[in-house]
Amino acid sequence: RREKLDHVHDKICVVQRGAVAQNGKVYTNNTCFGTDMILQDENLRQTLPTISLTYAEISLISRPKLDSVLVDFPRARKQVCKAACNMAFKRFMVLFLHEVKVQ
């Protein structure tokens with residue numbers, strides 16, 4: 001309970017059991033977070049504090065492991081690449097517009 005989960009950064013996490021909080025959002029059974037680990041540019045990734053709200057069982061997959069799995073699934077690899085491009089574009093636009101607003 002209320003344990004900081006520092007080891008989940010740069011991984012896709014699926015909550016199998018329990019509840020986890022990150023950035024004001026609560027993730028429970030069969031929900032995932034950390035999907036921005038598919039982004040190549042680390043500056044576009046969000047490194048947010050994550051804590052368990054209850055006992056939690058979480059499945060993790062790292063970027064190298066995901067890449068090794070996607071080698072055998074070219075269609076899935078293409079979908080992940082497309083999702084990463086869309087996410088990167090949105091994150092870049094938010095950063096760009098924030099810079100324009102500040103100036």
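Where is the place of aspartate 10? I found it in the segment before strand S1, which covers 11–17. A reminder to myself: this is a predicted model.

I looked at the backbone of aspartate 10 next. Its phi is positive, about 65°, although the residue is not a glycine.

Then I went to asparagine 23. Here too I noted a positive phi in a residue other than glycine, near 55°. Asparagine 23 sits in the loop between S2 and strand S3 (25–27). With a relative accessible area of 55%, asparagine 23 counts as exposed, since the cut-off is over 50%.

Is glutamine 22 buried or exposed? I got a relative accessible area of 12%, so glutamine 22 is buried, the limit being under 20%. This glutamine belongs to strand S2, residues 20–22. Setting aside residues up to four places away in sequence, I listed what glutamine 22 touches: Tyr27, Phe33, Leu48, Pro49 and Thr50.

Last, the cores. The largest nonpolar core has nine residues, and I wrote them down as Ile12, Met37, Ile38, Leu39, Leu44, Leu66, Leu70, Ala84 and Met87. Helix H1 (63–70) and helix H2 (74–102) are the elements that give two or more residues to this core. I followed up on alanine 84, which is in contact with Ile38 and Leu39 once neighbours within four places in sequence are left aside. I also logged a second, separate core of seven residues, with Val15, Val20, Tyr27 and Phe33 among them. Tyr27 and Phe33 were already in my notes as contacts of glutamine 22.

Key: Residues are numbered from 1 along each chain as its sequence is written. This is a predicted model: local features need pLDDT of at least 70, side-chain atom pairs count only at pLDDT 80 or more; totals for chains, interfaces and linings use all residues. Side-chain values use heavy atoms; hydrogens and water are left out. Helices (H or I, at least four residues) and strands (E, at least two) are DSSP runs, numbered from the N terminus. Buried means under 20% relative accessible area, exposed over 50%, partly exposed in between (1.4 Å probe, protein chains only). Contact means heavy atoms within 4.5 Å. A nonpolar core is a set of buried Ala, Val, Leu, Ile, Met, Phe, Trp, Tyr and Cys residues joined through side-chain atoms within 4.5 Å.
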